[in-house]
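Subject: Structure handover

Hi,

Here is the structure we talked about. Please load it before reading on; my notes follow below.

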Amino acid sequence: MSTQTDAADPRFSGLPGRPGKIVAVHLSYASRADQRGRRPAAPSYFFKPSSSVAASGATIERPTGTELLAFEGEVALVIGRPARRVSLAEAWDHVAWVTAGNDFGLYDLRANDKGSNVRSKGGDGFTPIGPSLIDARAVDPAALRLRTWVNGELVQDDTTAGLIFPLAQFVADLSQHFTLEPGDVILTGTPAGSSVVVPGDVVEVEVDDPASGASSGRLVTTVTQGDAGYDETVGSLPSVDDAQRVDAWGSPEAAGLAPAAETSATLTPALRAKLEEVPVASLSSQLRQRGLNNVSIDGVRALPGSGKIVGTAKTLRFLPNREDLFKSHGGGQNAQKRAFDAVGEGEVVVIEARGEHGAGTLGDILAIRARARGAAGIVTDGAVRDHDAVAATGIPVYSSAAHPAVLGRKHVPWDTDLTISCGGATVQPGDIIIGDADGVIVIPPALAEEVADAALAQEESDAWVAARVAEGHPLDGLFPMNAEWRARYEAERGSGER
């Protein structure tokens, strides 16, 4: 199971020896799934290298140039005898020991890993395990307790009763695909409470069985600041955006970010129908009456065939191109691709391109992707590439120009889901975006219902005034209506006359 050298290696002092495989579960606790807003139908996994194992008392380095090193306290299973295609009923018999594990991850490296977690979770020291083994035969696998402390404060406290899948299921499931061998480790996922730690923090994890008193002891890891960073000539560099920060910290508030815009009205089907009916010009007028004069995304026009846009903003920010930054942020699953892959039904991708017309900010493939995701439209204060093909996709697109050049000529895709500037207007994620032939405006969600109702009423009164003008009445006193005309309008409106 291990060589003499491995057995003497202090990194593996909390295990029988160096594990051949470390398999980690992505999402397994109900509390964590609820926090993430999704619950898997079946377990999914990733591998961690055995070189990432560390013992209790070790340190973990946060590399230079990174900020999002997060802990995940977990129950670790250690396989005692080979398991190949074992049933759920017999799977637990192949587990020899249980202990504490900490599945550290560096969110700064997660985007380019594309789910493999090779770099983000495979670093040296990123898998502390131990310090003591609990006999799996002596505990109830559904009644183990997992607790994590940061600087002495309890931050995770859950039991295996809170798992979406029982511990034995991981063994049975994995054994369908490959042989689990003695000494292999399964990290069984983390509950809610995982968050970011910084140099100087001390993280402790303990697994115990309250019924018997058996305990792994506290697995202690101290975070330090590393001196080494990453070489851009051999691989992609760390990058983060606010979405990664929220995932790593656990919430916008914990990440020090403003929460998503508070809304007193969501974009319900009824509100959407009102906004579909009323022109942008009337909405703009009502916003101006409420003191909001700077809500127009200036300089953008609809591509041929684009209809009206009504949706909530999903924001994307481009920076001016700088070759070293494009090298680190422009390739792979960059911010632009992440935004179009994640846009939701009824959302509008709003792009900050600084009014730069010298390169495209999207092309036909991204427009097709947005339409397939059910997006309500795309707004960019930059240029569109593949102009005719984008127009032919059928998704409403509003842009300020067309240009044949690719993104990298002028832009670095930088960040998503943050407050941006587009066409001179400030746009926050969740703001309501409305666009028609007159242009595009931004409505704060909390005002949307009030503004929509007022704009509909304005449209009704304007139609009545237009009819009076068509009858030959002069504008003076009628547009806008004075008291006499207003009284006549209200009287006819109340009687049902038009």
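Which residues lie nearest the centre of the largest pocket? They are R110, A243, Q244, D247 and D417, out of 50 residues that line it. Please keep in mind that this is a predicted model.

**The pocket**

The largest pocket holds about 1500 Å³ of space. Several elements give two or more residues to its lining: α2 (30-36), β8 (105-106), α4 (110-113), α6 (242-249), β18 (309-320) and α10 (335-342). Of these, α6 gives the most, with five residues. By class, the lining has 20 nonpolar, 14 polar and 16 charged residues.

**Helix α6**

Just after α6, G250 takes a positive phi of about 105°.

**The cores**

Next, the nonpolar packing. The largest nonpolar core has 31 residues. Those with the most contacts inside it are V75, L77, W92, V98, V171 and I186. At least two residues each come from β1 (22-25), β6 (73-79), β7 (95-102), α5 (167-175) and β13 (202-209). The top contributor is α5, with six residues.

What does I186 touch, leaving aside its neighbours within four places in sequence? Its contacts are V23, V75, A76, L77, I79, F170, V171, L174 and L180.

Another core lies apart from the largest one. It has 21 residues, among them L316, V343, A375 and V384. As background, nonpolar side chains tend to be buried together in soluble globular proteins.

**The whole chain**

Last, the overall numbers:

- The protein chain has 14 helices and 28 strands.
- Its C-alpha trace spans about 100 × 55 × 40 Å along the principal axes.
- Of its 498 residues, 48% are buried.
- Among contacts between residues at least 6 apart in sequence, 77% join residues at least 24 apart.

Best wishes

Notes:
Residues are numbered from 1 along each chain as its sequence is written. This is a predicted model: local features need pLDDT of at least 70, side-chain atom pairs count only at pLDDT 80 or more; totals for chains, interfaces and linings use all residues. Side-chain values use heavy atoms; hydrogens and water are left out. On a 1 Å grid over the protein atoms alone, a cavity is a set of points where a 1.4 Å probe fits but cannot get out, and a pocket is an open set with protein on both sides within 12 Å along at least five of seven lines; lining residues have an atom within 4 Å of a point. Grid points are joined across faces, edges and corners, and a volume is the space filled by probe spheres set on the points. Helices (H or I, at least four residues) and strands (E, at least two) are DSSP runs, numbered from the N terminus. Ala, Val, Leu, Ile, Met, Phe, Trp, Tyr, Cys and Pro count as nonpolar, Asp, Glu, Lys and Arg as charged, and the others, Gly among them, as polar. A nonpolar core is a set of buried Ala, Val, Leu, Ile, Met, Phe, Trp, Tyr and Cys residues joined through side-chain atoms within 4.5 Å. Buried means under 20% relative accessible area, exposed over 50%, partly exposed in between (1.4 Å probe, protein chains only). Contact means heavy atoms within 4.5 Å.
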